[in-house]
Amino acid sequence: MKSPLARILVGVLAGTAVTAAQAADFRAARAPAPPPYFAPVQPYSIVSEVRIGGSVQDPGSAEGKLPGFSTANVNGEILFAKPQITTDPFWQAFVPRPTVGGSYNTGGRTSYAYIGATWTVDLFPETLNRRVFLEGFFGGAAHNGYTGLKANAPYGFNALGCNPLFREAAALGFRIDEHWSVMATVEHMSNAGLCGDNRGLTNFGGKLGYTF
């Protein structure tokens, strides 16, 4: 037969073991599950994402080949949060983000500002954990380029026809984490044949994005 002291010690040890097990279960229940993918965070304000990058100004055109003029562009972009159009997640996925941006050419060639909409689609979300995405943009751009033949225009410079122009762009991106992403970009601007001249501009570059 155990002494009263021994029974007390056994009871204390048993109670301590139960309490420790319960605490471990409680911590396990409260521990957040790791994120299954690298989706961008949900914006807390009207601004969804800001981007900065650079591009090569229309390398196949006269602007791109004329010596003595820089082909480097510096560009920035602001993407706003999606408007809530529907409560159905499927159809809401097709809603674009309103976008404004601009590009400055460091060599005095065509610079421009644009406004439009950006659609973002994740590629192979189940296998690539939503890291890789594809984007498309459509909108309009106002520019300071030549819209026709002028006496002081360098020979062969782009005759953009009119102002503003249509702007289409595409990007292939990779999410580093839930905030940061990198993109390879291509963009084209033209007047779709609505004006007499329609040389257009096609630029290639990259961007770094930060999602709030």
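Glu-49, Arg-51, Glu-77, Arg-97 and Glu-135 are joined in a network of salt bridges, a salt bridge being a side-chain nitrogen of Lys or Arg within 4 Å of a carboxyl oxygen of Asp or Glu. The structure is a predicted model, in which local features need pLDDT of at least 70 and side-chain atom pairs count only at pLDDT 80 or more, while totals for chains, interfaces and linings use all residues. Residues are numbered from 1 along each chain as its sequence is written, and side-chain values use heavy atoms, with hydrogens and water left out.

A search of the whole structure finds 9 salt bridges. One of them is formed by the side chains of Arg-199 and Asp-58, at 3.8 Å from N to O. This pair links distant parts of the chain, since Arg-199 belongs to the loop between β7 (180–190) and β8 (201–211), whereas Asp-58 belongs to the loop between β1 (47–56) and α2 (62–65), 141 residues apart; helices (H or I, at least four residues) and strands (E, at least two) are DSSP runs, numbered from the N terminus. Arg-199 is partly exposed, with a relative accessibility of 38%, whereas Asp-58 is buried, with a relative accessible area of 5%.

A further salt bridge is formed by Asp-122 and Arg-130, whose closest N and O atoms are 2.6 Å apart. Arg-130 is partly exposed, its relative accessible area being 25%.

The pairing of strands was also examined, two strands being taken to pair if DSSP finds at least two bridges between them. Strand β3 (residues 97–105) pairs with strand β4 (residues 112–122) in the antiparallel sense, over 7 bridges, and Pro-98 has Ala-117 in β4 as its bridge partner. The hairpin of β3 and β4 has 6 residues between the strands, and in this hairpin Gly-108 takes a positive phi near 80 degrees. Strand β4 is in turn joined by 11 bridges to strand β5 (residues 132–143), the two running antiparallel, and Tyr-112 stands opposite His-143 in β5. In a regular strand, the side chains alternate between the two faces of the sheet.

Key
Buried means under 20% relative accessible area, exposed over 50%, partly exposed in between (1.4 Å probe, protein chains only).
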